[in-house]
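User: Please examine the structure shown here and answer a series of questions on its helices and on selected residues.

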Amino acid sequence: MKKIISIFLILFSAFLIAQPPHQQSPPEKRMERMNKLTAEQQATLWSKKMTLELDLNDTQEQQVYALVLSKANTHKKRRANRPKERPNSEEMYQMQVDLLEEKIAMKKAMKSILTPKQYGLWEKSQKKKELMKKKHLKGKKKQKNKH
């Protein structure tokens, strides 16, 4: 009886190990779908989500839509103009500076559009997204190191 149970456990564990790995994680699929949308569609989705999260009024929603539309357009242009090979340190530095300037401008614009309470909620959600992004990137690095 012990032999049968031990054989069963060995076979069962072998089947669990032999399961194929996931092709893509859900955030990657979501980003892939978002990149297939037009800038206008992305801006509409983002502004609608922010309206639900922050309880925006109509004028705030329109202002957020315009802001997100410009951000989506610049993001699409940046992705289209991305160099084929890895940029050198000076180009990388300039890309980082540009990205940080965009974030600062976005923060200032959101501060002028939102009420203090809404802005606080928005800030909290942005910090949460950054943490999730860092966790996701950490997971990717671990997977690369394993292979």
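The questions and answers below concern a predicted model.

User: What pattern does the secondary structure of the protein chain follow along the sequence?
Analyst: The model is predicted, and the protein chain in it has 6 helices and 0 strands. Read along the sequence, the elements give the pattern α-α-α-α-α-α.

User: What percentage of the contacts in the protein chain with a separation of 6 or more comes from residues 24 or more positions apart?
Analyst: The protein chain has 147 residues, of which 18% count as buried. Among its contacts with a separation of 6 or more, the share from residues 24 or more positions apart is 62%.

User: Is α3 parallel, antiparallel, perpendicular or oblique to α4?
Analyst: Two packed helices are described by the angle between their axes and the distance between the axes. For helix α3 (residues 39–54) and helix α4 (residues 58–80), the axes come within 8 Å and cross at roughly 140°. An angle has to be over 145 degrees to count as roughly antiparallel. The relation of α3 to α4 is therefore oblique.

User: Is the crossing of α3 and α4 left-handed or right-handed?
Analyst: The two helices meet through side lists that include Trp46, Ser47 and Met50 in α3 and Val64, Tyr65 and Val68 in α4. The crossing in which α3 passes α4 is right-handed.

User: Is Ser47 buried, partly exposed or exposed?
Analyst: Ser47 is placed in helix α3. Its relative accessibility is 2%, and the cut-off for a buried residue is under 20%. Ser47 therefore counts as buried.

User: Which residues of α4 are buried?
Analyst: Helix α4 has 23 residues and reaches 33 Å from its first C-alpha to its last, close to the 33 Å expected at 1.5 Å a residue. The buried residues of α4 are Gln60, Glu61, Val64, Leu67, Val68, Leu69 and Ala72.

User: How far apart are the C-alpha atoms of Arg79 and Asn35?
Analyst: Arg79 has its place in helix α4. Its relative accessible area is 39%, so Arg79 is partly exposed. Arg79 and Asn35 are 44 residues apart along the chain, and their C-alpha atoms are separated by 9.8 Å.

User: Is α4 roughly parallel or roughly antiparallel to α5?
Analyst: The axes of α4 and α5 come within 10 Å and cross at roughly 170°. Because angles over 145 degrees count as roughly antiparallel, α4 is placed in that class relative to α5. The contact is made by residues including Val64, Leu67 and Val68 of α4 and Leu99, Met106 and Met110 of α5. The relation of α4 to α5 is roughly antiparallel.

User: Which residues in α5 are buried?
Analyst: Helix α5 (residues 89–113) has 25 residues and reaches 36 Å from its first C-alpha to its last, close to the 36 Å expected at 1.5 Å a residue. At the start of α5, a side-chain oxygen of Asn88 reaches to within 3.1 Å of the backbone nitrogen of Glu90. The buried residues in α5 include Met106, Ala109, Met110 and Ile113.

User: At what distance does the side chain of Ser6 reach the backbone oxygen of Lys3?
Analyst: Ser6 lies in helix α1 (residues 2–17). Its relative accessible area of 33% makes Ser6 partly exposed. The side chain of Ser6 reaches the backbone oxygen of Lys3 at 2.8 Å.

Notes
Residues are numbered from 1 along each chain as its sequence is written. This is a predicted model: local features need pLDDT of at least 70, side-chain atom pairs count only at pLDDT 80 or more; totals for chains, interfaces and linings use all residues. Side-chain values use heavy atoms; hydrogens and water are left out. Helices (H or I, at least four residues) and strands (E, at least two) are DSSP runs, numbered from the N terminus. The expected span of a helix is 1.5 Å times one less than its number of residues. Buried means under 20% relative accessible area, exposed over 50%, partly exposed in between (1.4 Å probe, protein chains only). A polar contact is a pair of N or O atoms within 3.5 Å; within protein, one must be able to donate a hydrogen and the other to accept it, and residues adjacent in sequence count only if both atoms are side-chain atoms. Axes are lines fitted to C-alpha atoms, for helices over the stretch in contact, and angles run from 0 to 180 degrees between N-to-C directions. Angles under 35 degrees count as roughly parallel, over 145 as roughly antiparallel, 65 to 115 as roughly perpendicular and the rest as oblique. A crossing is left-handed if the near helix is turned anticlockwise from the far one by less than a right angle, and right-handed if clockwise. Contact means heavy atoms within 4.5 Å.
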